[in-house]
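The structure is shown first, and the description follows.

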Amino acid sequence: MMMTIALPYSLIPMSEDDASCITEWRYPSPYHIYHWPAWDIMKKQEIEFGDTEIRSKQYRSVIDANDTLIGFAQFFAMQTTVRIALFLAPAYCGLGIGQQVMQLVIREANERYSNFEIDLEVETWNERAITSYVRSGFFITDQYELPSRNDQPIRNVYCMVYQAP
């Protein structure tokens, strides 16, 4: 008989309550660029997880064993690549759980998009995230500029690709 070990974290469909809560997360500088607009604005303008259809297709909440929302993941499918993103709630950043949660996200990406390449984008200055991603099996393949979501004109990002061990 095979024994299944429960992970302390799991991915579940993102509820509207979770989405609303995420828009209230506040990160210290320089991570403040990850703030989202207010929930009423996101819903009205149908921005990302403010759009019910996009939320159900692309977003998953990360919860712990107590059903506490600790983060969320995005899965954005392109032709033969799925671009993932992982955000932890501010209270859970820097605690060393990123690699474990990322393994859960990678597993979900592989289940949903078998045979797709998995990649992500990360700001070039975000050494904490880059270190976690490298430990999770990602490597830098490209560097480019993207428009900013907030008050900065551009974002310098790395594209990192997952390589299974």
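## The largest pocket

In this predicted model, 43 residues line the largest pocket, and those nearest its centre are Tyr34, Ala85, Leu86, Phe87 and Glu121. The space in the largest pocket amounts to about 1200 Å³. The lining comprises 24 nonpolar, eleven polar and eight charged residues.

Several secondary-structure elements contribute to this lining. At least two residues come from each of the strands β3 (69-77), β4, β5, β6 (138-147) and β7, and likewise from each of the helices α4 and α5 (127-135).

## Strand pairing around β7

Strand β7 pairs with β5 in an antiparallel arrangement that includes five bridges. Within this pairing, Glu123 has Val157 of β7 as its bridge partner.

Strand β7 also runs antiparallel to β6, and nine bridges join these two strands. Here Leu146 stands opposite Arg155 of β7.

## Salt bridges

The structure holds six salt bridges. One of them connects the side chains of Arg83 and Asp119, with an N to O distance of 2.9 Å. Because Arg83 belongs to strand β4 (residues 81-88) and Asp119 to strand β5 (residues 117-123), this pair ties together parts that are 36 residues apart in sequence. Asp119 is buried, its relative accessible area being 5%.

A further salt bridge joins the side chains of Arg155 and Glu123, at 2.7 Å from N to O. Arg155 lies in strand β7 (residues 154-162) and Glu123 in strand β5, so the contact ties together parts separated by 32 residues in sequence. Arg155 is partly exposed, at 22% relative accessibility, whereas Glu123 is buried, with a relative accessible area of 5%.

Glu108 and Arg112 form another salt bridge, in which the closest N and O atoms are 4.0 Å apart. Both residues lie in helix α4 (residues 98-112), four residues apart, and are therefore separated by about one helical turn. Glu108 is buried, with a relative accessible area of 19%. Arg112, at 26% relative accessibility, counts as partly exposed.

## Cysteines

How many disulfides does the structure hold? The number is zero. A disulfide is a covalent bond between the sulfur atoms of two cysteines. For Cys93, the closest cysteine sulfur is that of Cys21, at 13 Å, which is too far for a bond; the cut-off applied is 2.5 Å.

Cys93 is partly exposed, with a relative accessible area of 22%. Cys159 is buried, with a relative accessible area of 8%.

Conventions: Residues are numbered from 1 along each chain as its sequence is written. This is a predicted model: local features need pLDDT of at least 70, side-chain atom pairs count only at pLDDT 80 or more; totals for chains, interfaces and linings use all residues. Side-chain values use heavy atoms; hydrogens and water are left out. Buried means under 20% relative accessible area, exposed over 50%, partly exposed in between (1.4 Å probe, protein chains only). On a 1 Å grid over the protein atoms alone, a cavity is a set of points where a 1.4 Å probe fits but cannot get out, and a pocket is an open set with protein on both sides within 12 Å along at least five of seven lines; lining residues have an atom within 4 Å of a point. Grid points are joined across faces, edges and corners, and a volume is the space filled by probe spheres set on the points. Ala, Val, Leu, Ile, Met, Phe, Trp, Tyr, Cys and Pro count as nonpolar, Asp, Glu, Lys and Arg as charged, and the others, Gly among them, as polar. Two strands pair if DSSP finds at least two bridges between them.
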